[in-house]
Amino acid sequence: MRSGNTTLLSNKKFLPGKVLLVLSALVLALSSVGLAAAQVASPNPVNFPNTIVGGTSAPVSVVFTNNQSVSINMFGSTLSDTTNFNLVSDGCSSPTIAPKQTCTVVVTFTPKSATTFNATLDIDFSCVDESCFGPTSVSLVGTGVLPVTPTSTPFPTPTLTPVPPTNTPASNPAQSEIGGTVFVDDQPVPGFTVTIDGRQTARTSTGSNGRYNFAGLAAGFYKVRVVYDKQKYSPVGQDFSDQTVSGTSVERRIDFHLKTLATTTPATTSVPSTTAAPTTAPVTTVPVTTPAVTSAPATTVPVDVKVTPPGATGGVQTARPIPQAMPSTGAGTTVTADESFLQALPGGLVVVSLLVLGLVLIRKFKTSRK
């Protein structure tokens, strides 16, 4: 060997047992480092988007995976900067994680000033057989920014150029119309009310030509109805109409037809009014007629009655015939003085009265003979 170069083999004092001891220590150290590196946390690093000072970023989930063949004990997660970073939830604080299983840690960025911040998220663990240990570190990076304040930039005053008017009509989202005429007995009539209900509600009256119109209707469903006195008119067909308009169509015509109901007032009779002026017709005297007797025509039957006046000694008198009934003369009746008392009697009692009178005379005659 060359002078100045010293190796373990040239050292006569170095024993082979010591070499084995050193090599074993190196192998053990390298094995432990490799096991620790086998635990994976993703993403790593975590780069937060620029966040307004005083605000909070969207949460970021860091997933820790156990790539060992044995379970590992979890001791939780810690942040090196708890002022500008927040540990929202720590799913890696459970007692153990089986091989190939995962746990999740959620963190956010809350900058307190407009600068860039760096921190470390440490997830601590150890294998149950003590063949590995942690922690696994995740780098966190975030930048705080100030809110943007709009600046007022002066703009030059625009020069207004007059624009000549055009004949193009302005756009109107509601251009539909519904109109028509109201007829009574086939004649257009004014003054009838027409209503419209639906997306819009309105009422109007027919003009002198019987016309009505609803303009500027938005698209939708509508019910149009004519209002009338049902005691005087009846519809010919329907007195309403359901319509759906598009909002851009032209006028839709809807006519309503009514007819006058027949009156039921009874015919008037000419009754003399008590307040009417007196007539100038001559007054005629109507002769009083005696009610006709329903019995057979009356005849005068002469009755021979022998009468002996008081103090007389003999002689026979023939009494005046007694009428049995009063004959009807039609235009009038001539009544004798002896029969005047019978004129006031009803026609049905005339015969009875005559019979009674005859019986009285006969009784008187018999009494006078005794």
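Reader: What makes the contact between the side chains of D242 and K223 a salt bridge?

Author: In this predicted model, the N to O distance between the side chains of D242 and K223 is 2.8 Å, and the cut-off asks for a side-chain nitrogen of Lys or Arg within 4 Å of a carboxyl oxygen of Asp or Glu. The pair therefore meets the definition of a salt bridge. D242 belongs to strand β18, residues 240-245, while K223 belongs to strand β16, residues 220-227, so the bridge ties together parts that are 19 residues apart in sequence.

Reader: Why are D242 and K223 called partly exposed?

Author: The relative accessible area of D242 is 39%, and that of K223 is 26%. Because buried means under 20% and exposed means over 50%, with partly exposed in between, D242 counts as partly exposed, and K223 does as well.

Reader: How many salt bridges does the structure hold, and how do you know that R225 and D239 form one?

Author: The structure holds three salt bridges. For the side chains of R225 and D239 the N to O distance is 3.9 Å, and because the limit is 4 Å, this pair is counted as a salt bridge. R225 lies in strand β16 and D239 in the loop between β17 (233-235) and β18, so the pair ties together parts that are 14 residues apart in sequence.

Reader: What makes D255 and R253 a salt bridge?

Author: The closest N and O atoms of D255 and R253 are 3.2 Å apart, and the cut-off is within 4 Å, so the pair qualifies as a salt bridge.

Reader: Why is the disulfide of C92 and C103 called right-handed?

Author: The torsion about the S-S bond of C92 and C103 is about 95°, so this disulfide is right-handed.

Reader: What makes C127 and C132 a disulfide, and why are C127 and C132 called buried?

Author: The sulfur atoms of C127 and C132 are 1.3 Å apart, and since the cut-off is within 2.5 Å, the pair counts as a disulfide. The torsion about its S-S bond is about 80°, so this disulfide is right-handed. C127 has a relative accessible area of 2%, and C132 has 2%; because buried means under 20%, the word applies to C127 and to C132. A search of the whole structure finds two disulfides, and with bonded cysteines counted along the chain they follow the pattern 1-2, 3-4.

Reader: How do you know that T83 touches T110 and K112?

Author: Contact means heavy atoms within 4.5 Å, and T83 touches T110 and K112 when residues up to four places away in sequence are not counted. T83 sits in the loop between β5 (72-79) and β6, and the C-alpha atoms of T83 and T110, which are 27 residues apart along the chain, are separated by 7.7 Å.

Reader: Which residues form a nonpolar patch on the surface?

Author: The patch is formed by V352, V356 and V360, with about 240 Å² of accessible area together. V356 is found in helix α2, residues 347-369, and at 45% relative accessibility V356 counts as partly exposed.

Reader: What is the mean pLDDT of the chain, and where is pLDDT under 50?

Author: The mean pLDDT of the chain is 74, and 61% of its residues reach 70 or more. The value is below 50 over residues 27-37, and it stays under 50 over residues 283-338. Where pLDDT is low, the predicted coordinates should not be read in detail.

Note on methods. Residues numbered from 1 in each chain as written. Heavy atoms only, no water. Helix = DSSP H or I, 4+ residues; strand = E, 2+ residues; numbered from the N terminus. Buried < 20%, exposed > 50% of the residue type's maximum accessible area, 1.4 Å probe, protein only. Patch = residues over 30% accessible without salt bridge, like charges linked within 9 Å, V, L, I, M, F, W, Y side chains within 5 Å. Areas by Shrake-Rupley, 256 points an atom, 1.4 Å probe, with all protein chains shown as cover. pLDDT = per-residue confidence, 0-100.
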